[in-house]
Amino acid sequence: MTDRFVRRRRRLNGMAARHRLCAWGLGAVAIFVAAACGSADQGGQVSTAGTRTPLDSTTVSTAVAPVTGESPESSESSPGAAAAVSSTGEPVACDDIPRLESAVEGNLAGTQNPSDRLIGIIRSYGNQHGSFADLWIDRAHGGALVAAFTDDLEDHRQALAALLPEGTPFDVVRAEHSAADLDAVRAVIHANAAELEGLSSFGAPASLNRVEISFVDPPAATLDRLVELVPAAMVCVDVFYPPEPPGGPLDIIPLVNANDPLVECQGIGEVRYSRLVDPLSVDDVDHPAVEVLRAEIEAPSPEPLPAGDWSVMRIDDDRVTFAIIEGNVIAGRASFRLTGDRWVLSGYGSGGRPCEARVPLPPGLAHVEIHLDPNTPPRPASTSIFLLVQEIDCSSGREMGDALQGPQVIETDDAVLVALAVIPVAGGATCPGNPFTPVTVELSGPLGDRALLNGAVMPPAPIEPHPDRSLP
């Protein structure tokens with residue numbers, strides 16, 4: 001398997017891989033993907049690795065402002081066709097295939113969807129034609145509805161314009177492959193999944209018009225077998241190789257005098273610690289994504305972004321993350337990505353989610369839970385500390401064994417800082433519950449009145465006995 005198929009190295013368990021808003025077809029989603037508007041897909045589930053995280057949204061019904069349904073001639077082209085197959089006849093990486101997109105602009109907020117009636121009209125019409133490929137909401141173009149067919153685009157455009165209310169923002173674009181053809185490819189993959197070692201998930205994102213197939217650490221023969229099974233021009237591949245963990249002793253505890261270290265908090269990713277303890281108000285930031293955030297808050301939607309004191313968590317060239325911080329709770333979060341010249345809502349959520357600021361780990365490592373063994377609590381005279389360590393991510397109930405890294409121990413006059421990590425399971429894993437692993441930490445002298453702290457969180461937190469655990 002060549003490097004050109006590698007999307008990026010990343011931890012595979014317990015992390016959000018990507019946020020998408022209806023990039024997949026309405027009424028059809030791939031395994032591990034949920035659209036903001038749809039039901040179950042016809043893809044096949046193989047494992048739980050490489051998960052794709054849905055946005056916290058549901059189908060909504062809103063009025064659509066008048067926008068012409070006419071489309072420029074550019075919609076007649078198929079931008080993905082040129083990248084369908086590599087020069088060697090192999091499938092190409094999915095990231096190298098341009099997405100089909102609308103040439104018509106809508107005006108929906110990111111938390112809004114077109115009405116079910118509009119979606120139903122287009123879906124019903126499309127299902128009557130064998131050339132129909134799929135239907136989706138183009139968030140990068142204001143929520144315009146896009147219907148893809150393999151032929152007779154102008155006829156389909158005129159027919160839909162007659163069926164839809166005047167001013168409905170929709171477009172008709174050319175696809176290379178019909179829904180029936182892609183369904184046949186998915187059926188072949190499902191039937192031969194056992195032969196494709198490393199297969200993680202597969203589905204047919206509407207705007208991609210290919211069957212997207214994800215692999216985790218596959219052998220070289222897997223891609224050869226894939227090409228034998230299905231036409232290379234109808235599929236694309238994502239390959240994820242688990243990163244190698246760092247060598248040598250575990251070294252993750254930040255320096256005591258670290259200036260504003262990076263931390264990670266579930267739902268908002270990596271940020272500077274100061275962003276959590278002293279949030280920067282959006283009112284003090286001049287950035288175009290701030291205006292889009294305000295528009296999303298005010299949008300009439302069953303699930304709008306919550307009103308509150310929004311703060312800037314992180315600003316990158318093409319992504320911005322905002323959050324409402326209330327004490328140690330993330331009361332709201334919203335992420336935006338730059339698509340063309342438009343900032344588009346790419347992920348959001350609300351509710352009281354506690355934020356335990358963790359130290360970002362090197363690639364190839366994952367966090368663990370650390371507790372005192374309640375049967376052998378430490379005393380001032382103790383020179384050995386007995387811990388119970390548990391994986392956080394799904395691990396099929398394995399014993400950690402040599403995958404457990406550490407402990408790293410830093411002793412000061414006032415505290416003992418302890419940190420551990422684990423090499424996570426590569427690929428899919430079930431979640432039956434993870435066992436505890438006993439760990440003994442040897443100190444250089446008696447614990448005394450020093451605090452015993454978890455050094456993998458910020459600020460370092462007391463290590464407490466597990467509330468529901470007492471070993472016989």
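Predicted model: local features only at pLDDT ≥ 70, side-chain atom pairs only at ≥ 80, totals over all residues.
Let's start with helix α3, which runs over residues 179-191.

Now look at which residues are hidden. The buried ones in α3 are Leu182, Val185, Arg186 and Ile189. They cover an arc of only 100 degrees around the axis, which means they sit on the same side of α3. On the face turned away from the buried side, you'll find the exposed residues Ala180 and Ala191.

What do the buried residues of α3 pack against? Their partners are the strands β7 (199-203), β8 (211-216) and β9 (235-240).

That brings us to the sheet. It is an open one, with four strands in the order β3-β9-β8-β7 and mixed pairing. At the edges are β3 (92-93) and β7, each pairing on one side only. β7 and β8 run antiparallel, paired over four bridges. If you'd like one to look at, serine 201 has serine 214 in β8 as its bridge partner.

Last stop: glutamine 408, in strand β19. Buried or exposed? Its relative accessibility is 10%, and buried means under 20%, so glutamine 408 counts as buried. Its side chain makes a polar contact of 3.4 Å with the side chain of aspartate 251. Beyond its sequence neighbours within four places, glutamine 408 also touches residues including Ile252, Leu417 and Val418.

Notes. Residues numbered from 1 in each chain as written. Heavy atoms only, no water. Helix = DSSP H or I, 4+ residues; strand = E, 2+ residues; numbered from the N terminus. Expected span 1.5 Å × (residues − 1). Buried < 20%, exposed > 50% of the residue type's maximum accessible area, 1.4 Å probe, protein only. Arc of directions from axis to C-beta. Contact = heavy atoms within 4.5 Å. Pairing = 2+ DSSP bridges. Polar contact = N/O pair within 3.5 Å; in protein donor to acceptor, adjacent residues only side chain to side chain.
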